[in-house]
Amino acid sequence: MYRSVLFLLLVAAAAAGAAWVADQPGNVALSWNGWRVETSLAVFALALSITIVAAMLLWSFVRVLWRAPAKMRHRRRERRRARGRHAITHGLLAIGHGDATAARAHADAARRHAGDDPLALLLHAQSAQLLGDSQGANAAFRAMAEREDTRLLGLRGLFIEAQRADDPVGAVMIAEEALKLSPASNWASHAVLGFRCAKGDWSGALAILDNNFSARLIDRPAYRRQRAVLLTARALETESSDRDLSRRSVMEAIKLAPTLVPAAVLASKYESEAHRVRHAMRIVEAAWVVHPHPDLADAYAHVRLGDSARERLARVESLAAKAPGHLESALALARAAIDASEFGRARAALASFVGAPTQRVAMLMAEVERNEHGDSGRARAWTLRAVRALHDPAWTADGYVSDRWRPVSPVSGRLDAFQWQTPVAALPSDKRPAIEMAEFEEAGSALPQVEAPRQDRAEVTPPAQDNLPGGSPAKLTVVESVEPGTTPAASGAAPEVEAAITAPLFRQRNDLAKPETSSVPAVIPIVRPPDDPGIEDDEATDEYREQQVSPAHSQAGGWRGFLSRWGG
């Protein structure tokens with residue numbers, strides 16, 4: 001609309017100008033080198049206009065001819081760039097769905113058509129990684145690291161390749177260089193932090209952690225917890241070399257994380273040595289309420305040096321009251337009671353856990369039995385139960401079980417990974433038996449019970465078995481049932497009772513030929529392994545040992561038994 005109006009206005013202005021020129025009187029004369037041209041003003045204006053238009057058309061034609069080679073080169077370059085973009089797009093898609101061959105083909109096409117494109121370098125590196133070509137991937141990442149715009153991406157790729165090549169030193173050097181370029185790089189800071197923790201450089205790890213917090217890579221609660229862990233690790237390491245630094249570190253750690261168990265134990269130790277007993281007790285109590293731990297109980301019991309065992313027991317009772325019903329409370333109370341020779345209180349503390357005891361519960365019960373009554377038999381029984389008992393909690397991280405707390409997981413290098421919990425391998429299984437016996441028992445109880453007829457005592461000889469020692473047939477003794485109120489003598493039964501042998505499960509088949517019996521018994525009742533030296537003949541008897549019925553013909557153990565089996 002506006003363009004149409006503007007065009008009409010221009011046409012009207014041109015027509016008005018032409019009419020004005022035509023109305024002007026006079027002539028225009030042009031004389032040049034003997035030539036003389038004389039015409040009217042209107043004709044001269046028309047000729048001048050035509051000349052200007054022709055000059056413009058000529059200049060435009062010359063300009064097009066002059067710029068034609070540059071435009072052709074630009075057009076060809078754009079065509080190659082479009083092909084490169086197309087190859088990059090399809091190559092990245094091929095990498096996404098795992099087609100290594102297609103990714104390599106598109107990467108080669110991208111390098112031909114768009115070799116300077118950063119995405120072409122990235123496609124080439126990722127296709128080499130997908131094919132397992134570490135040299136090609138390293139070359140591509142080095143080329144990216146030399147460019148200003150892709151330097152950080154190239155260092156990241158070189159870091160990954162160094163990790164795959166099991167080169168931790170090279171990986172950390174690359175990560176440190178990346179951290180200098182970009183302090184907010186998460187992967188670089190994590191790698192450098194893990195390396196410094198593994199090396200035991202706790203001051204350097206604290207500097208990296210402060211840098212991460214200033215760059216807002218971690219939030220404040222995580223920063224406080226991780227800083228407390230690093231300070232505790234430094235305090236434990238410098239406990240014997242620089243006690244002042246150790247004390248400052250652990251006191252700062254306990255302020256940042258009051259529930260950190262190793263920090264609370266070490267801080268209470270330093271406070272106890274400084275005769276600040278109540279402050280030490282408050283430190284342990286604050287950690288105990290959240291995470292009951294045996295180290296905390298031991299530190300609380302010995303917070304005041306020189307106390308008697310009964311005083312320690314009273315102190316542990318007050319600590320156990322802060323976590324009633326917890327296993328660690330019962331164990332701590334039982335341990336203090338045993339030390340104070342209060343075995344009844346130790347039994348009472350462990351009473352609710354002896355039904356399904358853990359290893360520590362069973363060992364404490366064995367100690368109670370041994371120290372209270374000198375009952376070695378019951379103590380040995382509890383010790384045997386401890387072998388098969390449930391495992392107690394331990395310091396675990398990523399499936400690794402440690403006997404002490406560590407700041408970093410040795411498996412994944414994760415900071416603050418150790419937790420006080422039952423190891424995964426020691427947890428009870430929730431798998432039910434493949435065959436439920438309850439249905440078979442119910443079916444068996446539903447069958448009618450047939451009472452065996454009464455008969456006098458008789459000897460029934462079952463069919464001979466070929467799996468009995470010596471090949472002698474066994475005798476089955478059937479004893480006559482006795483009515484209530486009668487004596488065995490009145491019923492005619494013999495006073496002695498022979499050992500009853502159950503009927504064999506498999507009967508002898510008469511249609512099969514029996515192989516010739518060998519002089520060596522079919523089954524050798526091994527009492528103990530041949531390499532067992534046996535026990536001394538004058539072993540002290542134990543009246544609480546279970547009486548076991550020895551076989552009729554026992555065999556000597558150790559080397560004597562080995563020689564006796566070979567006829568030596």
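Predicted model: local features only at pLDDT ≥ 70, side-chain atom pairs only at ≥ 80, totals over all residues.
Contact here means heavy atoms within 4.5 Å. Val277 sits in helix 13, and once its neighbours within four places in sequence are left aside, its contacts are Glu271, Val303 and Arg304. Is Val277 buried or exposed? Its relative accessible area is 16%, and because buried means under 20%, Val277 counts as buried.

Another residue to look at from here is Tyr300. Val277 and Tyr300 are 23 residues apart along the chain, and 9.7 Å separates their C-alpha atoms.

## The chain as a whole

Stepping back for a moment, the protein chain has 21 helices and seven strands. It runs to 568 residues, of which 30% count as buried. If you take the contacts between residues at least 6 apart in sequence, 49% of them join residues at least 24 apart.

## Helix 13 against helix 14

Let us return to the helix that holds Val277. Helix 13 covers residues 277–290, and its axis lies 10 Å from that of helix 14, at an angle of about 155 degrees. Angles over 145 degrees count as roughly antiparallel, so helix 13 is roughly antiparallel to helix 14. The crossing of this pair is left-handed.

Which residues make the contact? Helix 13 brings Met281, Val284, Glu285, Ala287 and Trp288, while helix 14 supplies Leu296, Ala297 and Tyr300. Sorted by class, the contact of helix 13 with helix 14 holds seven nonpolar residues, no polar ones and one charged residue.

## The loop with Ser308

Helix 14 spans 294–301 and helix 15 spans 309–320, with Ser308 in the loop between them. Ser308 has a relative accessibility of 36%, so it counts as partly exposed. Asp339 is 31 residues away from Ser308 in sequence, and the C-alpha to C-alpha separation of Ser308 and Asp339 in space is 9.6 Å.

## Helix 16 against helix 18

Helix 16 (residues 327–339) and helix 18 (residues 359–372) have axes that come within 11 Å of each other and cross at roughly 20 degrees. Angles under 35 degrees count as roughly parallel, which means that helix 16 is roughly parallel to helix 18. Here, too, is a handedness to note: the crossing of helix 16 and helix 18 is left-handed.

From helix 16, the contact draws on Leu327, Glu328, Leu331, Ala334, Arg335 and Ile338. From helix 18 come Arg360, Val361, Leu364, Glu367, Val368 and Asn371. How do the residues of the contact of helix 16 with helix 18 divide, and how many are charged? Seven are nonpolar, one is polar and four are charged.

## Glu369

Staying with helix 18, we find Glu369 there. Glu369 has a relative accessibility of 6% and therefore counts as buried. Setting aside residues up to four places away in sequence, Glu369 touches Arg347, Gly374, Asp375, Arg378, Ala379 and Trp382.

## The hairpin of strands 1 and 2

Now for the strands. Strand 1 (residues 27–32) and strand 2 (residues 35–40) run antiparallel and are joined by six bridges. Within this pairing, Ser31 has Arg36 of strand 2 as its bridge partner. Two residues lie between the strands of the hairpin, and Asn33 takes a positive phi near 60 degrees.

How many of the six residues of strand 1 are buried? The count is zero, and strand 1 is hardly covered.

Strand 3 covers residues 394–397, and three bridges join strand 3 to strand 5 in an antiparallel arrangement. Where does Thr396 stand? Its place is opposite Gln419 in strand 5.

Methods:
Residues numbered from 1 in each chain as written. Heavy atoms only, no water. Axes fitted to C-alpha atoms, helices over the stretch in contact; angles between N-to-C directions. Helix = DSSP H or I, 4+ residues; strand = E, 2+ residues; numbered from the N terminus. Parallel < 35°, antiparallel > 145°, perpendicular 65-115°, else oblique. Left-handed = near helix turned anticlockwise from the far one by under 90°. Nonpolar A, V, L, I, M, F, W, Y, C, P; charged D, E, K, R; others polar. Buried < 20%, exposed > 50% of the residue type's maximum accessible area, 1.4 Å probe, protein only. Pairing = 2+ DSSP bridges.
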